[in-house]
Amino acid sequence: MEMGKVGGGGEGMRKRKTKRGRVEMRRIEDRTSRQVRFSKRRSGLFKKAYELSVLCDAEVALVVFSPAGRLYEFASSSSSLEKIFGRYWDLLDRTIDLNAGPRGCQVDCNIQV
């Protein structure tokens, strides 16, 4: 056996990447663990919102309230929350107006502004 070699050449000695396990979707009972998970997930969500706005030139607004009621918000750099939510409410008003026809008659619309 050569000096410096351990395990006979490395065959079968490859590092295995551990897969992330799926998280069971239920409330986390431990308060500290729940807060840590909220914080990590919130930061990941905000990172994804930022990436979507930069990579796709999308206007993105995100509002999150913590269990304690604290507000966290994100708006893409080219917009403000007020501007984006204003567009949303205007679009919602137009959609409701289109659906104000006779009972049982609804227009399915996918309006892009």
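Biologist: Is Phe46 buried or exposed, and what is its relative accessible area?

Modeller: Buried is the word for a residue under 20% relative accessible area, with exposed over 50% and partly exposed in between, using a 1.4 Å probe and protein chains only. Phe46 has a relative accessible area of 16% and is therefore buried. This is a predicted model, in which local features need pLDDT of at least 70 and side-chain atom pairs count only at pLDDT 80 or more, while totals for chains, interfaces and linings use all residues. Residues are numbered from 1 along each chain as its sequence is written, and side-chain values use heavy atoms, with hydrogens and water left out.

Biologist: How many aromatic pairs does a search of the whole structure find?

Modeller: Rings of Phe, Tyr and Trp (its six-membered ring) pair if their centres lie within 6.5 Å, and planes under 30 degrees apart count as stacked, over 60 as edge-to-face and the rest as tilted. The search finds 3 such pairs. One of them joins Phe38 and Tyr72 in a tilted arrangement, 6.2 Å centre to centre with 55° between the planes.

Biologist: Which parts of the chain does that pair tie together?

Modeller: Helices (H or I, at least four residues) and strands (E, at least two) are DSSP runs, numbered from the N terminus. Phe38 belongs to helix H1 (residues 31-56) and Tyr72 to strand E2 (residues 71-75), so the pair ties together parts 34 residues apart in sequence. Tyr72 is buried, at 18% relative accessibility.

Biologist: What lies over the face of Tyr72?

Modeller: A charge sits over a ring if NZ of Lys or CZ of Arg is within 6 Å of the ring centre and within 35 degrees of the ring normal. Here Arg42 lies over the face of Tyr72, at 4.0 Å from the ring centre.
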